[in-house]
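This report describes selected secondary-structure elements and their packing. The sequence and the structure are shown first.

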Amino acid sequence: MNEPPQSLQRRLVVLVAGLVAALWIGVAAFVWVKARHELDELHDGHLAQAAALLVTQHLREVEDDEPVNAPLLHRYAPRAAFQVWHEGRLALRSANAPDAPMVAAARTARDGFATVQIDGHAWRVFATRGAERDVQVFVGERVDARSAILRAMLGAMLQPLAVGLPLLALAAWWAVRRGLLPLRRLGDTLAQRRPDALQPVVLDDVPAEMAPMLAGLNGLLARIATLMEGERRFTADAAHELRTPIAAIRAQAQVALGADDDAERRHALEATLAGCDRATRLVEQLLTLSRLEAGSAPARREVDLAATARGVVAALAPQAVARDQDLGLEAAQPCPVQGDETLLEVLLRNLVDNALRYSPDGAVVQVRVERDGPGARLVVADAGPGLAEGDRRRLGERFFRVLGSGASGSGLGWSIVERIVAAHGGRVRSGRSAVLGGLEVTVDLPLSAGSARAA
Amino acid sequence: MRVLLAEDDPLLGDGLRAGLRQLGFQVDWVRDGEAALRELRAQPYAAAVLDLGLPLKDGMDVLAQARQRGLTMPVLVLTARDAVPERIRGLDAGADDYVVKPVDLHELAARLRALVRRAHGQPHERLRAQGVVLDPAGRTVTLDGADVSLAGREFDLLHVLMLNPGRVLTRDQLEQHLYSWGREVDSNAVEVHVHHLRRKLGSALIRTVRGVGYMLARDASGGP
């Protein structure tokens, strides 16, 4: 058996064998006490009865001057002795009885039991006098005779334990081993699995005690499978998504190489550069997403959402001006939230950039930061074509692009927005802007604790 | 050779159109699936380059519906998806070739030429008829072994006729083969090109079917 030292099997076997041994020994101790008591009563009764017998018998029969030595007729006889004294003389005694009275005169004033030392042995002696008080009878029994009986009894009880305990341990070992079979089967099943096999573990005949564990394990496997599937899909999607910008760069570069006139070559080279910028932006978005997906909680510092929005709007303003778009910010008061400033910037830039990109030239894009009860609210609204209901539902899908819009984008922006909002414990929803008619994205974030009270 | 390019990515579409034009194709570029299907039905394209991730109508649907409507021109599917099941799905849906982005422009052009050639039952890379040999890849023509210099449109016209030997092509059909959208076509452009071709290659090669159009006589010898 090459079980590890702290195996469950060993613990169970030791526990069962130990408990059985303790119980057995307890029972033996109880029996010992009880039996000793009963034995004492019984033997004392016998001594008293024998003494009474001797008293009456002596009155009728023993008249001799010489003491009579009664023969020892049983192997236990040496351990029992008696004396019959008549008028101060030893009239009758067992062969092993001493010459002197078995109990000193001082202690024989009345009938009763006494424990005395005779020839170095402890004796239990019953002393009695006849009715005329001329006959003194002592009936004694060696105390160790009683102990021998008790010891024999105890031995009879404990010997089977000595033999039985190893047998019991063996039986328990077998039983526990059998009982733990499902556990070992589970272990074997798991050990034989390939690391990427994440389908649920199915075992026949699962004991009720193991069912929660198995359910927990399968739940975990399912979550890991979902996670890994997501990762796999993300990697594949990311790779595919990079193919288009690369294909564009390649095609444009080849066009530039094969161009006959300068205008054509120049156009192709500019397109090549634009393709590189697009690929770069895509890579940055992918990195942001993967960092967000790694699940590291964003740093929690107090960030003024209004100030952050001001910075982002300022940074994107040239892009808006180039297309004659009217980009405006409405942020009357500071809106402190707990969060990561860089991530909140990314969030804002994604939303505003998206609004600018999808709005026609000359359109209005409005950014609003305000306090809303216990939270901070960020609204980015545009005058673009907005989104159909179905498209809005699919926004969360990675790489979902609003098709036919003419703008080039990876469709990663919304995923990034959703993840950043979730990481900050907020909510994001999209709808139609009542004022501008285009898409309106509303982000609710919890206000930072101190300022929420102050507000 | 006039081809339809269906690609929604502005940069890639622009690059492919410019590149294929450099390599002698007439390219019409559409950016969504609906337009692709519409144009495939309306124009006699020699071939189509179809991106799968198209707006409004997925490329796969465009392909399936085009085939359903009996359109037989070769279709080359261009996609970012390279998983084998995707390729199988594409080919089963009626694609003649399946190319994963990014693709080399020259390779794309060669594949298109091969698709067109096979679609016209021409097993050989070079087309031959009555001593005239046309090399679509090199865009060269020889008559009895001697190089003949042809203008772009003349080459394209000869190419179309040689791809369809023994078939009468109307003037309208030839114009549609020769010109992508937005190119002004002179009313007698085809006649002018035929005239030039006859001057350079001999008058027997291209026959006029009065009131209908032109045809290239089948090569009596049959083989190369």
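## The antiparallel sheet of chain B

B:Leu134 stands opposite B:Val141 in E8(B). The model in which this pair is found is a predicted one. Strand E7 (residues 132–135) of chain B and strand E8 (residues 140–143) of chain B run antiparallel and are joined by four bridges.

These two strands belong to an open sheet of four strands in chain B, whose order is E6-E7-E8-E9 and whose pairing is antiparallel. Strand E6 (127–129) and strand E9 (146–148) of chain B are the edge strands, each pairing on one side only. From one strand to the next, the twist of this sheet averages 25°.

## Helix packing in chain B

Helix H6 (residues 152–163) of chain B and helix H8 (residues 189–201) of chain B have axes that come within 9 Å and cross at roughly 85°. Crossing angles of 65 to 115 degrees count as roughly perpendicular, and H6(B) and H8(B) are therefore roughly perpendicular to each other.

On the side of H6(B), the residues in contact are B:Arg153, B:Glu154, B:Leu157 and B:Leu158; they meet B:His193, B:Val194, B:His196 and B:Leu197 in H8(B). Sorted by class, the contact of H6(B) with H8(B) comprises four nonpolar, two polar and two charged residues.

## Chain B as a whole

Eight helices and twelve strands are assigned in chain B. The chain has 224 residues, of which 44% count as buried. Among contacts in chain B with a separation of 6 or more, 60% are between residues 24 or more positions apart.

## The mixed sheet of chain A

Chain A contains an open sheet of five strands in the order E8-E10-E11-E13-E12, with mixed pairing. Its edge strands are strand E8 (326–330) and strand E12 (427–432) of chain A, and each of them pairs on one side only. The twist of this sheet averages 15° from one strand to the next.

Within the sheet, E8(A) pairs with strand E10 (residues 364–372) of chain A in the parallel sense, over five bridges. In this pairing, A:Leu329 stands opposite A:Val367 in E10(A). Helix H6 (residues 305–322) of chain A packs on the sheet, where the helix touches E8, E10, strand E11 (375–382) and strand E13 (439–446) of chain A. The direction of H6(A) makes about 170° with that of E8(A).

Definitions and conventions:
Residues are numbered from 1 along each chain as its sequence is written. Chains are lettered from A and ligands numbered from 1 in the order in which they are written. This is a predicted model: local features need pLDDT of at least 70, side-chain atom pairs count only at pLDDT 80 or more; totals for chains, interfaces and linings use all residues. Two strands pair if DSSP finds at least two bridges between them. Axes are lines fitted to C-alpha atoms, for helices over the stretch in contact, and angles run from 0 to 180 degrees between N-to-C directions. Two residues are in contact if their C-beta atoms, placed from the backbone, lie within 7 Å. Angles under 35 degrees count as roughly parallel, over 145 as roughly antiparallel, 65 to 115 as roughly perpendicular and the rest as oblique. Ala, Val, Leu, Ile, Met, Phe, Trp, Tyr, Cys and Pro count as nonpolar, Asp, Glu, Lys and Arg as charged, and the others, Gly among them, as polar. A residue is buried if 20 or more other C-beta atoms lie within 10 Å of its own, exposed if 12 or fewer, and partly exposed in between; C-beta atoms are placed from the backbone.
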